[in-house]
Amino acid sequence: MPRLIDPFQRTIDYLRVSVTDRCDLRCTYCLPKGFKGFEEPAHWLSHAEMTRLVGLFVALGVRKVRLTGGEPLLRRGLGDLAAGLTALPGLQDLSVSSNGTRLARHAAELKAAGVQRLNISLDSLDAGCFERITGRDCLGDVLEGLREARRVGFAPIKLNMVVQADQNLDEVDRMVVFAMEQGFVLRLIEPMPVGSTGLATEGVDLSALGERLAARHALLPQVLGQGAGPARYWCSPDGRMSLGVITPMSQHFCASCNRVRLGVDGTLYLCLGQNDQVPLGRMMREGLDDAALTTAILAGIAAKPERHEFRERPQQVVRFMAQTGG
Ligand code: SAM
């Protein structure tokens, strides 16, 4: 079985694919209001092109694929794309990250297409705070989407909450209680300085906060298997709810990085926090065959940076998270 192994002996078996860089929200730490720098539609990979590139990664040992964006549910025919990907021999896990605004309409279609897992962004349960962070008054749509996703059988569902010192830190306890009552996995995330928006966001040291929340809500340390991702977890005594903290700033976890990202135009991003990239989409459109594209993927992995430098060089990644595919 071929494998993608980088110079730091990390096996790369996880690919995040941005299916669009557009989003219907403008979260303060992600995309600026009035942003005009979206990729030209002519450069968006078609479903067939995406499936071809993902197929090459799967042939090289990638086992997990996440569809992300921008907001992936804005991409027309996402269910068809997902169904095509789940049919790739060797792919074991297809998941979707979404802001949930359109989930009520699409959850059943995603489930039917073979999507196994959902991560939904939810930064606040207060309608006013939600609107201040996202730029839209649509918390109700997201909550309805979550209900529908559960109804069609997604379980567990992960909620991603980016914790900002001056916006929603005081809502963290309420969110823990909500996740306990509803049986969600709640993941608290430190904002990263990607783009001017991320750079301007005031984060919180979540390692310490995670400990305090676990003590306050009587959560137990949870040990997950390999491949569980970069979060540190606790769970409720009944096992229905988990709390995770993702701490790229206070404790970087690059030594266990197992992922690379594909932008909507087929650019391969080798590290979220660095600018190293391979224009796979352009190379494909120039007529490179699968063998040549595979060689380009291998050369990229051989140049994967060891780690991000968000602390040492916070200003160096100017592209926004929605452009890389978060
Ligand atoms: N729209 C989808 C969603 O909301 O999940 C997928 C794309 S979004 C860019 C993916 C994740 O990145 C979201 O959970 C979002 O909160 C997170 N994100 C965006 N900018 C970030 C930043 N500067 N630091 C940390 N997380 C960020």
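This is a predicted model: local features need pLDDT of at least 70, side-chain atom pairs count only at pLDDT 80 or more; totals for chains, interfaces and linings use all residues.
Buried here means under 20% relative accessible area, exposed means over 50%, and partly exposed covers what falls in between, using a 1.4 Å probe and the protein chains only.

Residues are numbered from 1 along each chain as its sequence is written, and side-chain values use heavy atoms, with hydrogens and water left out.

**Aromatic rings**

A pair of aromatic rings is described by the distance of the centres and the angle of the planes. Rings of Phe, Tyr and Trp (its six-membered ring) pair up if their centres lie within 6.5 Å; planes under 30 degrees apart count as stacked, over 60 as edge-to-face, and the rest as tilted. Searching the whole structure turns up three aromatic pairs. One of them is F35 with F38, an edge-to-face pair at 4.9 Å centre to centre and 85 degrees between the planes. Another is F35 with F320, also edge-to-face, at 5.2 Å and 80 degrees. This second pair ties together distant parts of the chain, 285 residues apart: F35 sits in the loop between strand 1 (14-20) and helix 1 (47-59), and F320 in the loop between helix 10 (290-302) and helix 11 (321-324). Helices (H or I, at least four residues) and strands (E, at least two) are DSSP runs, numbered from the N terminus. F35 counts as buried because its relative accessibility is 15%, and F320 because its relative accessible area is 9%. Ring pairs join F35, F38 and F320 into a cluster.

Two lysines also sit over rings (NZ of Lys or CZ of Arg within 6 Å of the ring centre and within 35 degrees of the ring normal). K64 lies over the face of Y14, 4.7 Å from the ring centre. For K111, the charged end is over the ring of F154, at 4.9 Å from its centre.

**Around the ligand**

Which residues come nearest to the ligand? Y29, G70, E71, S121 and M192 do, out of 19 residues around it; a residue is near if one of its heavy atoms lies within 4 Å. Strand 2 (64-69), strand 3 (93-98) and strand 5 each supply at least two residues of the shell.

| Side chain | Ligand atom | Distance |
|---|---|---|
| Y29 | oxygen | 3.1 Å |
| E71 | nitrogen | 3.0 Å |
| S121 | oxygen | 2.7 Å |

Taken alone, the ligand exposes 540 Å², and the protein buries 94% of that. Accessible areas come from the Shrake-Rupley method with a 1.4 Å probe; for residues, only the protein chains shown count as cover.

N168 is in the loop between strand 5 (157-162) and helix 6 (172-182). Is N168 buried or exposed? It is buried, because its relative accessible area is 0%. Leaving aside residues up to four places away in sequence, N168 touches D123, C129, I133, M161, V162 and V163, where contact means heavy atoms within 4.5 Å. D123 is 45 residues from N168 along the chain, yet their C-alpha atoms are 7.1 Å apart. The N168 side chain also reaches the backbone oxygen of V162 at 2.9 Å.

A104 belongs to helix 3 (residues 103-112) and is partly exposed, at 26%. With the sequence neighbours up to four places away set aside, A104 touches E144, G145 and E148. Its C-alpha atom is 7.0 Å from that of A149, 45 residues away along the chain.

Most residues other than glycine have a negative phi, and most peptide bonds are trans. A cis peptide bond joins A155 and P156, with omega about -10 degrees; P156 is in the loop between helix 5 (139-151) and strand 5. Q9 is not a glycine, but has a positive phi of about 65 degrees. Q9 lies in the segment before strand 1 and counts as exposed, at 63% relative accessibility. A218, not a glycine either, has a positive phi of about 55 degrees. A218 is in the loop between helix 8 (206-216) and strand 7 (220-222), and is partly exposed at 49%.

Terms used: A polar contact is a pair of N or O atoms within 3.5 Å; within protein, one must be able to donate a hydrogen and the other to accept it, and residues adjacent in sequence count only if both atoms are side-chain atoms.
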